[in-house]
Amino acid sequence: MYRVNEAGSSLIESCREIATNGVASAAIDVDTQAQFPESAIRSLADAGLLGLTLPAEVGGKGQTPSAFAAVVEELAQSCASTAMIYVMHIASTQAIAASSTFGNRDALLTDIAAGQHLTTLAFSERGSRSQFWAPVSRLEESADGGFVTSAQKSWVTSASYADSYVSSAQMPGAASPLESVLYLVDRKAEGVQIESGFDGLGLRGNDSSPVTLDNVNVPANRLLTELGAGAGMMLEVVLPWFSVGTAAMANGLCRAAVSATAGHLAASRFVHQDSALRDLPTLRARLAEMSLQTEQSRALLAHTAAAMEQPDEQTPLFVLQSRLAAIQAATDVTDLAMKACGGAAFSKQLGIERLFRDARAGWVMAPTADHLKEFVGRALTGLPLF
Ligand SMILES: Cc1cc2nc3c(=O)[nH]c(=O)nc-3n(C[C@H](O)[C@H](O)[C@H](O)COP(=O)(O)OP(=O)(O)OC[C@H]3O[C@@H](n4cnc5c(N)ncnc54)[C@H](O)[C@@H]3O)c2cc1C
């Protein structure tokens, strides 16, 4: 489905092996015990997949958004928590790679490509909620030429496991929250406090915890953007990679739901009629609808990811729409799977209830489905995004 080169195909194959062996067997514990999938992330690191999209000069695999989508889709079919941790890592890595202000950037990228550094996004704040483009926290200039900041970050995936957070704040003296800046915080920096564990409805292994920054020092060479250029990096770099990744995660959930439903309909029988669930036309129609929505969403994402390699003025719209289509498909398809498989889906044996819960997270992650519709509508009618 996703157009990739030979090296990309072989990386996707490695990921499929990791996903169907270790990741799939750990997924139930990851979900039931809200356990961070440490061994899965270690396997991805060992296979070089933490540097999938980084250039070869820093040891990366130099792969495209299409390869990223295919890798995430493989992971999500086995464990959506693992897929989301990986998406946050790659989106953050792209921000670091795009930075022209970060000191010793290539040394950090080399560590990432070598599988020695996991990173993540810390955009959402208690005060800005889902409107991540408008941070409430602010950098203040300090006497040593650097900065200091305090913030209440409301959701940080991999909070206790990532080595660093790509974080956002208003620039010193900002006249509007859009005058922002991105910076990198070490998880172990003084003043970083991880508030509590994560006990959510879905993506339970994500460790998406609130994190407080209390007078954390931000040396000038830890800025990822110029002062005032944060929103640009969020929207032009992080948003496209995040959108492709979360769309691919949603598509992986859809594929897993189609496969589990098809298997259950074929295998489950009514003894007195000597028939199977698949002999009921209503259930076959539900499965057909599930497959249609899944493949429509995958086709749009494949088109979008390919367009990102040679972008034109339509590409940002496709990016937004492919995420919107995928998160809608995932909620619809997993809902249909629950209905098609009945009580068997309601229990844990088929794994469908986990797909159903995991699929709901994509919808509320920012930009949410509401934001995406608003952005697309504004763009189509010639209004500015904000
Ligand atoms: C599992 C999970 C992992 C996450 N990981 C991270 C992470 O690693 N890093 C990070 O930065 N964030 C992360 N988030 C946070 C996420 O991106 C959102 O910021 C968060 O889910 C918003 O929740 P809220 O209750 O503050 O939403 P609210 O902002 O209170 O939204 C409530 C409702 O209002 C709607 N709404 C809000 N604004 C508008 C608008 N302008 N127009 C129309 N409708 C609107 C929303 O769509 C939503 O339906 C994560 C969230 C989840 C669920």
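## A walk through the chain

Start with the contacts: of those in the chain with a separation of 6 or more, 73% are between residues 24 or more positions apart, where contact means heavy atoms within 4.5 Å. Before you click further, know that this is a predicted model, in which local features need pLDDT of at least 70 and side-chain atom pairs count only at pLDDT 80 or more, while totals for chains, interfaces and linings use all residues. Residues are numbered from 1 along each chain as its sequence is written, and side-chain values use heavy atoms, with hydrogens and water left out.

**Whole chain.** Switch to cartoon and you'll find 11 helices and nine strands; these are DSSP runs numbered from the N terminus, H or I with at least four residues for helices, E with at least two for strands. Along the principal axes, the C-alpha atoms fill a box of roughly 80 × 45 × 40 Å. The radius of gyration is 21 Å, which agrees with the value near 21 Å for a compact globule of 386 residues; it is taken over C-alpha atoms, and the globule rule is 2.2 Å times the number of residues to the power 0.38.

**Domains.** Now colour 6–113 as domain 1, 119–228 as domain 2 and 231–380 as domain 3; the bounds come from an automatic or database domain assignment. Taken over C-alpha atoms, the centres of domain 2 and domain 3 are 30 Å apart. Select the residues where these two meet: 17 from domain 2 are in contact with 16 from domain 3.

Most residues other than glycine have a negative phi, and most peptide bonds are trans. Next, some exceptions.

- Select A34, in the loop between α1 (6–32) and α2 (38–46). Its phi is positive, near 45°, though A34 is not a glycine. A34 is partly exposed, with a relative accessible area of 25%; buried means under 20%, exposed over 50% and partly exposed in between (1.4 Å probe, protein chains only).
- Jump to L203, in the loop between β6 (192–194) and β7 (209–218). Here too phi is positive, about 45°, in a residue that is not a glycine. Is L203 buried or exposed? L203 is buried, with a relative accessible area of 2%.
- Finish at A366 and P367, which are joined by a cis peptide bond with omega about -5°. P367 is in the loop between α10 (352–364) and α11 (369–380).
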